[in-house]
Amino acid sequence: MAPSFLFDFTDKSPNVTVTDIPQNALSFNIPPEEQKKLCPYPIPKLDDIVKDIERSAYQVDKRKFVSDLFECGAIAISNQVDLAQKEKREERYLQIIKSYTPALQKKLAEIFGKIYALLASVVYDNGRFNDNLGELFMKCNLGSKNAGQFFTPYHISELMARAVMDETLIKEKTAGDGVITINDPCCGGGGMLVAALDVLQSCGVNYARNCFIDAGDIDERCVHMTYLQLSLAGVPALIRHQNALTRELWGVWYTPALLFQYLRFRKYINLN
């Protein structure tokens, strides 16, 4: 069951209804043999989430619906830990949610509950990583030919990560409780970073303690996608909304794992 705080914000405006996730939001008919043994709840299937989006967004712009889904989800997580930015992000959340009817607000919360469960399952699922949000984005037919925006299939990202990440160097960097740092200034939806975590875990590295990720992208939606994937995998990371060429910075998202271990990782945080 997803935590009840998701999408559950105090609304000061009497004409706006902000919904909570229904208790049955994560009740799925998944055969027991398909459920992962280590996960305490049935893991949602990506295709089912895509179907939910298709059914819910037919009355609105699907691209906006999915973008708002990612942003509201990112805000819901961020506002539990990043108190310095909470007020501003709460205002942004309410601005988004006011544009939807109460029925669609409920659908947004229900769908995000499933996304939350899917992404968080990696910490139980014996390290079975996947670029779930990138795949979801492409299955919703939201790739942009004009912008050249397509998310790399995960098996390609994994192949690239294994080709460039040397196991000997990884073990040298993390020996004696050391920290290996990973940087991706054009991270997209975070698929390559997820693949890097896959490699680290296969090398026996506890990435929640011995890895720090500094990522960024010029597309704010990609920032939200990466933040969700890294936050729910338990990775100490910061994700910048930034132009990697001009270095213009519009915002920074800190994952819960980073803020919970701030004293350990603060020397790696450089926003200049």
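Predicted model: local features only at pLDDT ≥ 70, side-chain atom pairs only at ≥ 80, totals over all residues.
Biologist: Okay, try me on one. Why does aspartate 177 count as partly exposed?

Modeller: Its relative accessibility is 35%. That value falls between the 20% and 50% cut-offs, so aspartate 177 counts as partly exposed. Arginine 209, at 32%, lands in that middle class by the rule too.

Biologist: What makes aspartate 177 and arginine 209 a salt bridge?

Modeller: Their side chains meet at 2.6 Å, N to O. The cut-off is 4 Å between a side-chain nitrogen of Lys or Arg and a carboxyl oxygen of Asp or Glu, so this pair qualifies. Aspartate 177 sits in the loop between α7 and β1 (180-184), while arginine 209 belongs to helix α9 (residues 207-210), so the bridge ties together parts that are 32 residues apart in sequence.

Biologist: And how many salt bridges does the structure hold?

Modeller: There are 16. Another one joins aspartate 52 to arginine 55, again at 2.6 Å, N to O. Those two residues both lie in helix α1, three residues apart, which is about one turn of the helix.

Biologist: Let's move on to rings. How many aromatic pairs are there?

Modeller: The count comes to nine. In one of them, the rings of tyrosine 41 and tyrosine 124 have centres 6.3 Å apart and planes at 85°.

Biologist: Why is that pair called edge-to-face?

Modeller: First, 6.3 Å is within the 6.5 Å limit for centres, so the rings pair. Next, 85° is over 60 degrees, so the pair is edge-to-face. Tyrosine 41 lies in the segment before α1 (46-56) and tyrosine 124 in the loop between α4 and α5, so the pair ties together parts that are 83 residues apart in sequence.

Biologist: What makes phenylalanine 212 and tyrosine 268 a stacked pair, then?

Modeller: Their values are 5.7 Å centre to centre and 25° between the planes. Since 25° is under 30 degrees, the pair counts as stacked. Phenylalanine 212 is in strand β2 (residues 211-217) and tyrosine 268 in the segment after α12 (262-265), so this pair ties together parts 56 residues apart in sequence. Ring pairs also link Phe212, Phe265 and Tyr268 into a cluster.

Biologist: How do you know that phenylalanine 212 is buried?

Modeller: Its relative accessible area is 2%, under the 20% cut-off, so phenylalanine 212 is buried. Tyrosine 268, at 25%, is partly exposed.

Biologist: One last thing. Where does the charged end of arginine 89 sit?

Modeller: Over the ring of tryptophan 253, 3.5 Å from its centre.

Key: Residues numbered from 1 in each chain as written. Heavy atoms only, no water. Phe/Tyr/Trp six-rings, centres within 6.5 Å; stacked < 30°, edge-to-face > 60°. Helix = DSSP H or I, 4+ residues; strand = E, 2+ residues; numbered from the N terminus. Buried < 20%, exposed > 50% of the residue type's maximum accessible area, 1.4 Å probe, protein only. Lys NZ or Arg CZ within 6 Å of the ring centre and 35° of its normal.
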